[in-house]
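Thank you all for coming. I would like to walk you slowly through one chain today, so please have the sequence and the model in view while I talk.

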Amino acid sequence: MTDTCRVGVTATVSGDLRPWAPRQREADPLMTEPSDPFSCLNEVDLFADLSAQEIEAMDLMAPSRPFRRGELLFSQSQPVKALFILKSGRVRIFRVAEDGKALTMAILEPGAVFGEMMLVGQRMYDNYAEAIEDSAICQLSVDEVERFLLSDPRIAIRISRLLGEQVARLEERLTDLALRPLAAQVASTLLKLGDAAGPPRFGQARTIHLTHEQLAGLLGASREATSKIMGELTARKAIRQGRGRIVIQDRDVLQKTARSTS
């Protein structure tokens, strides 16, 4: 395996850049506690059918490399043809409009598989991928994906399912943006992010590490309008807010709001 953890594009991390827009950075960027360490592969659905020995062998072939908060994995101008596996931290996938506005397409949690890989039907050449937390990421080349993944029918079947799920999520997102009011979009997004964050520990409520500006970027809405909706949800005790944290308190209220059409 040749230098699997080298990426051809990085972004300078400075006080003048912000992960949520190309030209600015918040004064106090989002910080979270580090994720629990795990193998690059043993918590990825794509490899759920492999034995512990197979996962260990494959993990040795795909060592991870660290990315600092604000560092780009790939960009529209400098694409990287590789399949990435997010081991720890979080990554934002976004696009930049002609006016410079960044639209967040997805926020990826540990275990996510993404990247520019025509071999498995993934195309991200119009997108940017950026670490929004210090992260550890594994990388597989085109040859390695063909040799180690597509040659195994167990993994090939899961790749097909994964792509189908991604299409369904995209269709749902487009429906939300086109037909649902902002309050419904906010509630629906909070529910999905809460579920993606994994089950709460020791009876604690689900916590989402996100600022209002980051949530607005994910929805393609203004910060002011998003903050207003968040205030209303807080008043209804559906959520509790802290600095860069959103705690889900009442899923029933969020689900009712997510189904609203006016």
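Predicted model: local features only at pLDDT ≥ 70, side-chain atom pairs only at ≥ 80, totals over all residues.

Let me begin with the aromatic rings, where rings of Phe, Tyr and Trp (its six-membered ring) pair if their centres lie within 6.5 Å, with planes under 30 degrees apart counting as stacked, over 60 as edge-to-face and the rest as tilted; by this rule the count comes to three aromatic pairs. In one of them, the ring centres of phenylalanine 94 and tyrosine 128 are 5.1 Å apart and the planes stand at 15°, so this pair is stacked. The pair links distant parts of the chain, since phenylalanine 94 belongs to strand S4 (residues 91-96) and tyrosine 128 to strand S7 (residues 128-131), 34 residues apart. Strands here are DSSP runs of E with at least two residues, helices are runs of H or I with at least four, and both are numbered from the N terminus.

Residues are numbered from 1 along each chain as its sequence is written, and side-chain values use heavy atoms, with hydrogens and water left out.

Are phenylalanine 94 and tyrosine 128 buried or exposed? Both of them are buried, where buried means under 20% relative accessible area, exposed means over 50%, and partly exposed lies in between (1.4 Å probe, protein chains only). Elsewhere, ring pairs join Phe74, Phe84 and Phe114 into a cluster.

Charges also meet rings in this model, and a charge sits over a ring if NZ of Lys or CZ of Arg is within 6 Å of the ring centre and within 35 degrees of the ring normal. Arginine 92 lies over the face of phenylalanine 94, at 3.6 Å from the ring centre, and the charged end of arginine 65 sits over the ring of phenylalanine 67, 3.9 Å from its centre.

Now let us step back to the whole chain, which has seven helices and eleven strands. Of its 262 residues, 46% count as buried. If contact means heavy atoms within 4.5 Å, then residues 24 or more positions apart account for 71% of the contacts in the chain with a separation of 6 or more.

Next come the helices, whose axes are lines fitted to C-alpha atoms, for helices over the stretch in contact, with angles running from 0 to 180 degrees between N-to-C directions. Angles under 35 degrees count as roughly parallel, over 145 as roughly antiparallel, 65 to 115 as roughly perpendicular and the rest as oblique. How do H4 and H7 cross, and at what angle? The axes of helix H4 (residues 182-196) and helix H7 (residues 251-258) come within 7 Å and cross at roughly 135°, and H4 and H7 are therefore oblique to each other. Among the residues that make the contact are Ala183 and Leu191 of H4, together with Leu254 and Ala258 of H7.

With helix H6 (residues 223-235), the axis of H4 comes within 10 Å, and the two cross at roughly 70°, so H4 and H6 are roughly perpendicular to each other. Their contact includes Val186 and Leu190 of H4 and Ile229 and Leu233 of H6.

H4 also packs against H5, at an angle of about 105° with the axes 11 Å apart, which makes H4 roughly perpendicular to H5. Leu215, Leu218 and Leu219 are the H5 residues in that contact. Seven of the eight residues of helix H5 (residues 212-219) are buried, so H5 is largely enclosed by the rest of the structure. Just after H5, glycine 220 takes a positive phi of about 70°.

Lysine 237 is found in the loop between H6 and strand S10 (239-242), and with a relative accessible area of 60% it is exposed.

Let me finish with two residues close in sequence number. Lysine 81, in the loop between strand S2 (72-74) and S3, counts as exposed at 64% relative accessibility, whereas leucine 83 is buried, with a relative accessible area of 2%. Leucine 83 lies in strand S3 (residues 83-88), and its C-alpha atom is separated by 8.3 Å from that of cysteine 138, 55 residues apart along the chain.
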